[in-house]
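User: I would like to learn how to read strands, interfaces, domains and helices in a model. Please take the features one by one.

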There are 2 protein chains.
Amino acid sequence: MENYIHDIPTKVYFGKGMISHLDESLRQFGKNVLLAYGGGSIKKTGLYDEVMKILNEGGFTVTELSGIEPNPRIESVERGVQLCKENNIDVVLAVGGGSVIDCAKAVCSGFYYEGDDLWYMVKYVKGTKKSLPLVDILTLSATGSDFDNGGVISNLKTNEKLGSGFTFPAVSILDPTYTFSVSKYQTAAGSADIMSHIMEGYFSKTEDSELADGIAETILKSVIKNLPIALREPDNYSARANLMHAESVACSDIPEYGKLSTSWPCHGLEHELSAFYDITHGTGLAILTPRWMRFILKKDPSCQWRFVRFAKNVWGLEGEDEHELALRGIDALEQFFRDCEIPMSLSEVNIGTEHFEEMAEHVCQVRALDKAFVPLTKEDVIAIFTDCL
Amino acid sequence: MENYIHDIPTKVYFGKGMISHLDESLRQFGKNVLLAYGGGSIKKTGLYDEVMKILNEGGFTVTELSGIEPNPRIESVERGVQLCKENNIDVVLAVGGGSVIDCAKAVCSGFYYEGDDLWYMVKYVKGTKKSLPLVDILTLSATGSDFDNGGVISNLKTNEKLGSGFTFPAVSILDPTYTFSVSKYQTAAGSADIMSHIMEGYFSKTEDSELADGIAETILKSVIKNLPIALREPDNYSARANLMHAESVACSDIPEYGKLSTSWPCHGLEHELSAFYDITHGTGLAILTPRWMRFILKKDPSCQWRFVRFAKNVWGLEGEDEHELALRGIDALEQFFRDCEIPMSLSEVNIGTEHFEEMAEHVCQVRALDKAFVPLTKEDVIAIFTDCL
C-alpha cells in the first residue's frame, strides 16, 4: 500500500431541498456574488429563478457570468476574472455541471493570478495558492468537480484542453432532483465520465489497497445498476441520488488512496479529441476506454490479473479461462455503453484520422503516459485511436 | 436515500515516514505545544524521542500532559485545559490511540468553554464552537478519532462514559509502522471497535444507499482478512496499513451517508459496561454485538434481509434458507472474534448481573434506543446483557 495525503476541505450538502443552505454558505464570505452558469438550461428548469429569489431575499448583489461552454474556454475565464475585479466579488456561485464549476474554479484562482496571461496560468502555473471562495450547485452527475480542486479549460486557438488544480469548492450543494431534467444522452455520457474516473485509477499495479479498490468496484456497480434506471425513469430519485453520490466521490482521489498513480491515460487521450473536435467528454471516454483496455491487455499480458478482478467483481462474471474472462469483462463494458446509446466509434462523432499524429504527439508531451498502468508510446496512442474509428 | 452533510476538514498524512510533515503541521498554529500522551508506551517504542527531536529542532516550546487513561477521565481533561491556560498553548499534539486523541479533543474544546464545570460541557453542552487546533499521531487502529470530531470521556464518580462532538483534528498523521508494537490483544480489540463502527450503521432500514453499504462491506472484509495477518505477523505493513485505512474511515460517518441513522445501540450498551467496569471498549463491543444481533433478529424478523446481506456480502456465505443464512452470518462474526482470542463473555471480564438494571436504565436515558434499527427498551437491554454472561 502506497502513502497518500487526504486534503479535501469541501463541505457537501447532499439531498433534496439542500438549497436551503445556500444563503448561509454564501453569506460567510460576503455580499457580492458572481453567478456563473452555462447555456441557459437552468432558466428552463426554474433553478435560475429559485437561486435568484434566495439571492434577492438575502440582499446579495449579483453579477452574472453566463454562457459558459460545455468545454469551457479560456475566454470565459478571462471574462469572469474581469467581472470579479470590476464588481468587487466576494464569492463565486457556480450553478451547473462540471464545465461551469471548472470555469468558476479557474476564475476564482485567476482573480489572484499576478500575471497577465490566464492561459499561461492554466498551462504552466496550474492554479494559484490563494483564490476567491467558490460555492456550487450541481446539475449534472459527471465530472466530480464539486469535490476536487481540478478544472479543465480549453483553448481553441492552440487546440489544447488542459487540467489544472485550481481550488476546492468551499461548499457544494448536491440535490439529485436538479438532474431529473438532464437528457438521456447527457445522463449516459456523464455516467461514462464517472466510470472512467474510477477505471483510470482502478487499473493500477497496486494489489493491496483494499478500501480503495472496494470503493471503486462499488461505484462502478452502482452506476451499472442505476444508470439504466435513470434512463428509463428520469425522475427516479434513488437512481439519480446514487449516480450523484458516485460522481462526487469518483474524481476525489479517494478511490485511489494507497495505490500507485496511473496518470489517467484515457483522460489524456480524450482531452486531445475534445480539444480538436469539441465532443462530449464522457462520449470520448466511452469510445476510448474498452479499446485502451484491449490494447494494454495485449501489450502487457502480465496485467491480466486486474482485468480478471474487474470481470468478476464489477460484472459478476465467472469462468475458468482467465484470459477469456478478462476479455469478457471488457466486452461487458463496451456493451453497457452501447446499451445506454452512447456513440461508440470516432466516426459516429465525425472524427477521422487527420489529427491522430498531432494529437498523439501532444498527449505524450503533456501527460506522463510512461507512468501509466501499462506505459504508452506515441505509436500506442495512434493505434488506440485507430481501434476507435 | 436520505440526505447527508459531509463536513470533515481534517488533513490526513497516511503512510510510512509521514511524520516528516509534523513540523509544518504544528508551525502553522504557533510555537507553544501541549504534548498529550498515555501511559508511556510511546517512550518504549521510541516514538516519544522521535517527536521530541522534531519539536526541539523546530524550536517549539513543549508542555506535557501524560498519563491519559485508556478510558480517558474528566480529571485528565481538566488538567489539560489548565496546562493550556497556564502555558499559552497554541496547538495540542496528541500522540497515541483514540483515548489520547479523545482527551486532547476535549481539552481543545474545553480551553474555550466559558463555564467552570468541564463535565457539564461533556454531558450537556457537547463541545464548544471554538477550539484549540489539534494535530495527532495515531498509534492504534481502533476508534477513528483521528478522522471525526467525537470524543468519549468517563466520569468514574458518576459511573458515566459519554460521547460529545468536540472538534476535528486539523491534521492526522497515520503511519501504520507505529502500530507494529501493538499487542495481540489490543490489535484484536481495536479491530472489533473498527468493525463495530461499521456494523452499527450498516444495520439500518435504508436499502438504496449503495456507496455507503459498499464501503461498509469493504471495510468489514478488509478487517476480516487483515486482522489475522496482523496477529500472526505484527510487522506486516500491508495488513497494518489496511487496518489503519479502515479505522480512519469507519467512524467518519461516510459509511452511513444516505442512510437512516441508527443511534449506534451497541456503543450505548458498551459505554455502560466500561463506565462501570473500565473494560477495554473493543472487547465490550465484541461481546455485545453478536448477542444484540440475535436478539433483534428474533424481536423483529422483518429485519432479516439485512442479516442475509451481511452473511452473503461480508462472510461470503450462501444457502437457500434465509433465516439460517442470517444466523450463520452472526455465528461467523462471533467465531471470528473468538479465533482472534477476544474474551467473548461478560464473566470472562469479571462482569456480573449486579448493575444490569442501573446500566439499562441509564443507557435508555442518554441514547435514543427507540430510534435504533430495531428499537430497544430497558427490558431488551437487560436481556441482551444477560445473553452476554
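**Reading the features**

Analyst: We can start with a pairing across chains. S2(A) and strand S1 (residues 4–6) of chain B run antiparallel and are joined by 3 bridges. Within this pairing, Tyr13(A) stands opposite Ile5(B) in S1(B). Keep in mind that this is a predicted model.

User: How many residues does each chain bring to the contact between chain A and chain B?

Analyst: Interfaces can be described in more than one way. The size of an interface is often given as the accessible area lost when the parts come together. Here the description is by residues: chain A contributes 30 residues and chain B contributes 30 residues. On the side of chain A that touches chain B, at least two residues each come from strand S1 (4–6), strand S2 (11–14), helix H8 (210–232) and helix H9 (237–250) of chain A. H8(A) gives the most to that side, with 7 residues. By class, the side of chain A that touches chain B has 14 nonpolar, 10 polar and 6 charged residues.

User: Which domains is chain A divided into, and how far apart do their C-alpha centres lie?

Analyst: Domain 1 of chain A covers 11–178 and domain 2 covers 184–387. Their C-alpha centres are 27 Å apart. Between them, 19 residues of domain 1 of chain A are in contact with 23 residues of domain 2 of chain A. Strand S7 (150–155) and strand S8 (160–165) of chain A each supply at least two residues of the domain 1 side. The largest share of that side, 3 residues, comes from S8(A). The domain 1 side divides into 8 nonpolar, 7 polar and 4 charged residues.

User: Is strand S5 (residues 91–96) of chain A covered or exposed, and which way do its residues point?

Analyst: First the general idea. In a regular strand the side chains alternate between the two faces of the sheet. Strand S5 of chain A is mostly covered, with 6 of its 6 residues buried. Val91(A), Leu93(A) and Val95(A) point one way, while Val92(A), Ala94(A) and Gly96(A) point the other way, and all are buried.

User: Which strands pair with S5(A)?

Analyst: Strand S3 (residues 32–36) of chain A pairs with S5(A) in the parallel sense over 4 bridges. One bridge partner in S5(A) is Val92(A), which pairs with Leu34(A). S5(A) also pairs in the parallel sense with strand S6 (residues 134–138) of chain A, over 5 bridges. There, Gly96(A) stands opposite Leu138(A) in S6(A).

User: What span should helix H8 (residues 210–232) of chain B have, and where does H8(B) bend?

Analyst: At 1.5 Å a residue, the 23 residues of helix H8 of chain B should span 33 Å, and the end C-alpha atoms are 34 Å apart, which agrees. H8(B) bends by about 30° at Asn226(B), and a proline, Pro228(B), follows within four residues.

User: Why is Ala188(B) classed as buried and Arg79(A) as partly exposed?

Analyst: Ala188(B) is buried because 25 other C-beta atoms lie within 10 Å, and 20 or more is the cut-off for buried. Arg79(A) is partly exposed because its count within 10 Å is 17 other C-beta atoms. Ala188(B) lies in helix H7 (residues 184–202) of chain B, and Arg79(A) lies in helix H4 (residues 74–86) of chain A. Leaving aside neighbours within four places in sequence, Ala188(B) is in contact with Leu227(B), Leu231(B), Cys340(B), Glu341(B) and Ile342(B).

Terms used: Residues are numbered from 1 along each chain as its sequence is written. Chains are lettered from A and ligands numbered from 1 in the order in which they are written. This is a predicted model: local features need pLDDT of at least 70, side-chain atom pairs count only at pLDDT 80 or more; totals for chains, interfaces and linings use all residues. A residue is buried if 20 or more other C-beta atoms lie within 10 Å of its own, exposed if 12 or fewer, and partly exposed in between; C-beta atoms are placed from the backbone. Two residues are in contact if their C-beta atoms, placed from the backbone, lie within 7 Å. Ala, Val, Leu, Ile, Met, Phe, Trp, Tyr, Cys and Pro count as nonpolar, Asp, Glu, Lys and Arg as charged, and the others, Gly among them, as polar. Two strands pair if DSSP finds at least two bridges between them. Domain bounds come from an automatic or database domain assignment. The expected span of a helix is 1.5 Å times one less than its number of residues. The bend at a residue is the angle between axes fitted to the seven residues ending there and the seven starting there.
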